[in-house]
Amino acid sequence: MQFARVVDVYEKIEATTKRLEMTELLVGLLRDTPRDDLDKVVYLTRGRVYPDYAGIELGLAEKMVMRVLAHATGLDDARITGLWKEKGDLGLVAQEAISARRQKPLESTPLTVSKVYQHLDAIARESGEGSQERKVRLLSELLGNATPREAKYIVRMVIGQMRLGVADMTIVDALAATFATRADRGRVERAYNVSSDLGEVARVLASKGIDGLNEIHLKLFRPIRAMLAERLETLEEIFERMGKAALEYKYDGLRVQAHISPKKIELFSRHLENITSQFPEIVEGLRNAVRGRAVIMEGEAVPVDPNTGEFLPFQEVSRRRGRKTDVERMSKEFPVTLFAFDCLLRGDEDLTSRPYTERRRALEAVIKPTDGIRHSTVRVTDDVKQAEAFFDEALQAGCEGLMAKALDSTYDAGARGYKWIKFKREYSAALSDTIDLVIVGAFAGRGKRAGSYGALLMAAYDDQDDLFRTTCKLGTGFDDETLFALPEKLKAAKRDRKPARVDSKLEPDVWFEPTTVLEVRGAELTVSPVHTAARGAIRPGAGLAIRFPRFTGRWRDDKGSEDATTTRELLEMYRQQLKQTKKGTSALA
Ligand code: AMP
């Protein structure tokens, strides 16, 4: 098929904002597309050459494409840069540059879909030494034969910005309407959710029709689109909907889908990117923990601070995208623990259509927990009081809340529904100011911090009762020098027993008379059953805690301990920020 025909449709799609019209246009295109080109047209419409999970990216740098444009058209760099500044869309720059090109090709053959696809495929697959030059040559050749309109879309594909506004679900609609009826849409969507590959769905539909889709199954090393959760505000509502349910801790990390065979392990993110190389410790952990010849399981990866044993914000591992050596260093410094929560494939058995309870049993059978791989903590109940206590435990463990799962629920790939319901901390507020906290205790350091402290116990000042009430453990933000100077610096304040003015539920290894004030920055304030600051003000028995605290490096030697941030101030900040957060959310809604 001529590429110009596809481009015709793209231009019309781009001109409309109505989803129905887009679908109609796509249906027209798919009907005209010969069987052999179908998957290619589907991939190209998404601006790619493969399904996302294959990890084969076109994504050329814009600078490089500009160089190619100059080369392919004979226009000088300044002209191309000028056009780029004027238009802000490299596709339009290509269109204009090709129509203004100096050397018109002597003879050019019209581009076909398969020629465009082959070229883009070759560009995407080039790697290693000299690959940049080869990519440049391939793209230059392709643009040499392109009309201005064709060049516009080729360039957009190459830089990964199609700008068509066609969502995957619009392609699903169009495939259903083309090869079956609109009523079959659900089956097409399910095939896509299981295979994550619209090209494959198109191929099967074209060759075998709608019933052919029954052959699309869960497959090892091809990720399935993640099941998603709805949210409800109260536990009562959750039990009303579900009756007796499995409540699991809701960990705050990165969702990982692991595909495991005795020879190979691959990890995918929630967006189906292949992230295997970023988490060597998970791969290693799974190798030791998983029994079975073929397993697909899901879990949440959370970085753990080896000094405090507490969870860290996920940003601590997002820096892992860098070089291999960085990944290795980070995986030692902030190793993640994977909390496994579902099992989708075991041996030849696709478990996605089995009830939750059965999948959970399979999960527990295939994974033998280790330090780095654990089962998510779960409790089955229909009792609100028990659920509340369990929720408190989850917060105490550093989790975001609970995930309720219907006991008879199947795993619905790619779908958001009420079979899983999240129930998060009702009370949390972003914290923008720094606060000044008093050191009241310390926990002994381990590993690299042996001989010093791993974390300090920090308190705010309750000026009504003249007490120092705890609000966080602080283990981040210290350089080595500061860290190893701590025991000496705090020596004079060290006590064997809890000083009378300290109110704490936690038992540190060392106590300190509250004398020294540090400046701390935190991510948010949350209600916590572990800490005693402002206890009972928001919820009975629970205080306010600083989440993800970090020492700013500033010792407030200018402040006495009674000048530290007070618990009343914390409470006020909490209320203020909660109000703002709520306003922010409703403004967005
Ligand atoms: P949210 O991103 O707030 O919609 O919450 C859903 C996410 O919670 C999932 O995609 C998982 O990454 C994460 N999660 C954490 N713990 C669990 C769990 N026990 N079961 C399912 N998902 C979980």
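The model is predicted: local features need pLDDT of at least 70, side-chain atom pairs count only at pLDDT 80 or more, and totals for chains, interfaces and linings use all residues. Residues are numbered from 1 along each chain as its sequence is written, and side-chain values use heavy atoms, with hydrogens and water left out.

**E298 and strand 5**

E298 belongs to strand 5 (residues 295-303). Strands (E, at least two residues) and helices (H or I, at least four residues) are DSSP runs numbered from the N terminus. With 1% relative accessibility, E298 counts as buried; buried means under 20% relative accessible area, exposed over 50%, and partly exposed in between, with a 1.4 Å probe and protein chains only. The E298 side chain also makes a polar contact with that of Y411, at 2.7 Å. Leaving out residues up to four places away in sequence, E298 touches residues including A226, V256, Q257, F339, F341, D342 and W420, contact being heavy atoms within 4.5 Å.

In a regular strand the side chains alternate between the two faces of the sheet. In strand 5, V295, M297, G299, A301 and P303 on one side and I296, E298, E300 and V302 on the other are all buried. That is 9 of the 9 residues of strand 5.

| Strand | Partner strand | Bridges |
|---|---|---|
| Strand 3 (residues 254-260) | Strand 5 | 7 bridges |
| Strand 5 | Strand 6 (residues 336-346) | 9 bridges |
| Strand 2 (residues 245-250) | Strand 10 (residues 401-406) | 6 bridges |

Five strands form an open sheet in the order 1-11-10-2-9, with mixed pairing. Strand 1 (228-231) and strand 9 (378-381) are at the edges with a single partner strand each, so one side of each has no neighbour in the sheet. Neighbouring strands of this sheet are turned by 35 degrees against each other on average, direction ignored.

Helix 13 (residues 235-242) lies across strands 2, 9, 10 and 11 (416-424), at about 155 degrees to strand 11. Axes are lines fitted to C-alpha atoms, for helices over the stretch in contact, and angles run from 0 to 180 degrees between N-to-C directions.

**Helix 18**

Helix 18 (residues 384-396) also lies across strand 2, strand 9, strand 10 and strand 11, running at about 130 degrees to strand 10. Its buried residues are A387, F390, F391, A394 and L395. They cover an arc of only 145 degrees around the axis, which puts them on the same side of helix 18; the arc is that of the directions from the helix axis to the C-beta atoms. These buried residues pack against helix 13, strand 2, strand 9, strand 10, strand 11 and strand 20 (524-528).

At the N-terminal end, D383 caps helix 18, with a side-chain oxygen 3.1 Å from the backbone nitrogen of K385. After helix 18 comes G398, whose phi is positive, near 90 degrees.

How values were computed. Two strands pair if DSSP finds at least two bridges between them. A polar contact is a pair of N or O atoms within 3.5 Å; within protein, one must be able to donate a hydrogen and the other to accept it, and residues adjacent in sequence count only if both atoms are side-chain atoms.
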